[in-house]
Amino acid sequence: MSVLLLSLALGANLADAQQKPEGEMRWALYVTVPPAWLDPGEVMGFITPFWLQYALHDALVKPMPGNIMTPSLAESWTLSPDQKTYDFKLRQGVKFHNGDPFTAEDVKFSFYRAKSSRVLKEKVRDVEIVDAHRVRFHLHEPFPDFMAFYGTIATASGWIVPKKYVEKVGDEGFKKHPIGLGPYKFVSNTPGIEVVLEANESYWRKMPSVKRLVLKSVPEPTTRAAMLKKGEVDIAYLLDAPAAQELKRDPNFRLAFSGAIGIHFLDFFDQWDPKSPWHDRRCGLAANYAIDKKSINDAENLGASRLTGGMVPRKFEFALTLEPYPTIRRRPSSYWPRRAIPMASTPAISIRIRRTTRWGGGRHQSRGHRHQDQDRHDGARDVPVHVAAEEAEGRLRLRPRAYGNAATRMAEFVPIEGSFTRGADQDVETLYRQQARETDRKKREAMLAPDPEAPVRPRAVRPDVGIHLADRHRAAGGGSGADEDRSLPVVGAVRGRDAEEVAPSGALRAARG
């Protein structure tokens, strides 16, 4: 993941850390870095902007290699016996890039300013400044996931900005010239071109070993690969399979897999409409069986991605291990009830991806072509259809990248108030709220164990999801090639209705040397 990459760039051992930083490292990123990504208060909890957070800023507690919750600006913290108060002891002698001292005032200010603090702000009753280097968070009630939200990159609530400086220059002024506590200082931002950073030799943890970082925005994967070959950049991120294969054969380059935590899955909005064929669970199962996920992974990610049956990474706390559905090739209709979907009758389904001008050379276009080839081989019928991602009756490709544990990953997708939630299952909604209050770990694990005999409960629909998705898209910002979740249409016919589908994907990167 990006965190590990940046950590490696900052030096591998104590001996190196004592030397003055030197040299320059140039990155070819697949996104255009929006000004909002330079400000922790604007980060909405997805992982990509943390490239900049780990360089420019610092947090009370944050994931580092070997420890998902590493004490950073907070030397330590304690939890009260009633589990309603978190007490943080802050690191002394730390200064912002402009020389201002870091204090508890900055912690409180940053928390309430952060836009990604929705869940935490509902749980926190008050933030008390005990003294300049001690701060307490008082909760309304015990919340066992407080540190999963605050001490990881599930949110940017614990990432600190200088209160006095922000109040002086304003939010827009801060985005133009951010001041932080991180290992690198801001030098310049040329929108759509590059962000330049310079080593902070006074960084409290260790002095960086690289003097200058240049993060170039290069949306086209072929251009990123070409720049790497020409020596214009040192690292190229998110390559397509042909370029990755070519670089893999060249001894002058090293191909690596990002180890990203994003999981691509499909949210069928129509499933909440009783009149839609997608309301019938068998249609979703048929689509799942029809997509050859392994072949896509082999062809597009060189087999690096790990197929899964759930939206929560298996290594996350409280995650349920779910195996992916197998792929079943086209068979007579009598085969489906007997083997794939054990029902008396099953609606026929035909899936196809069509090429679309809406996908303007995007990062995952070749995956659509791969599906096209697969479906031609299977003889599926092409039914062109286009449904905008913001329309409630369409379907949206979702790729959650929230860090933390199973609860933080699900927070914006499962409970009815989630930013990306279309509808909610009553028993799941109840269980989610119950487990969020359970402070006994063993009881919580038992509570989350699946019950195969549980009856199907009524479902609630959220009609304003289109508005929320549109607002979230605008808030993310970004220019050409921005890291947004666009939909790559796959076309299908189900009981006479058309539908969209989207392929899963992963990331490859390559480096010189």
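Author: Two strands pair if DSSP finds at least two bridges between them; strands (E, at least two residues) and helices (H or I, at least four) are DSSP runs, numbered from the N terminus. This is a predicted model, in which local features need pLDDT of at least 70, side-chain atom pairs count only at pLDDT 80 or more, and totals for chains, interfaces and linings use all residues. Residues are numbered from 1 along each chain as its sequence is written, and side-chain values use heavy atoms, with hydrogens and water left out.

Reader: Which residue in the turn of the β8 and β9 hairpin has a positive phi?

Author: Strand β8 (residues 184-190) pairs with strand β9 (residues 194-199) in the antiparallel sense, over 6 bridges. Within this pairing, Phe 186 stands opposite Leu 197 in β9. The hairpin has 3 residues between its strands, and the one with a positive phi, of about 80°, is Gly 192.

Reader: Are α4 and α7 roughly parallel or roughly antiparallel?

Author: Helix α4 (residues 104-113) packs on helix α7 (residues 163-176) at an angle of about 30°, with the axes 11 Å apart. Angles under 35 degrees count as roughly parallel, over 145 as roughly antiparallel, 65 to 115 as roughly perpendicular and the rest as oblique. α4 and α7 are therefore roughly parallel.

Reader: Why does the pair of Trp 51 and Tyr 237 tie together parts that lie apart in sequence, and how many residues apart are they?

Author: Trp 51 lies in helix α3 (residues 50-56) and Tyr 237 in strand β11 (residues 235-237). Because of these positions, the pair ties together parts whose separation in sequence, in residues, is 186.

Definitions and conventions. Axes fitted to C-alpha atoms, helices over the stretch in contact; angles between N-to-C directions.
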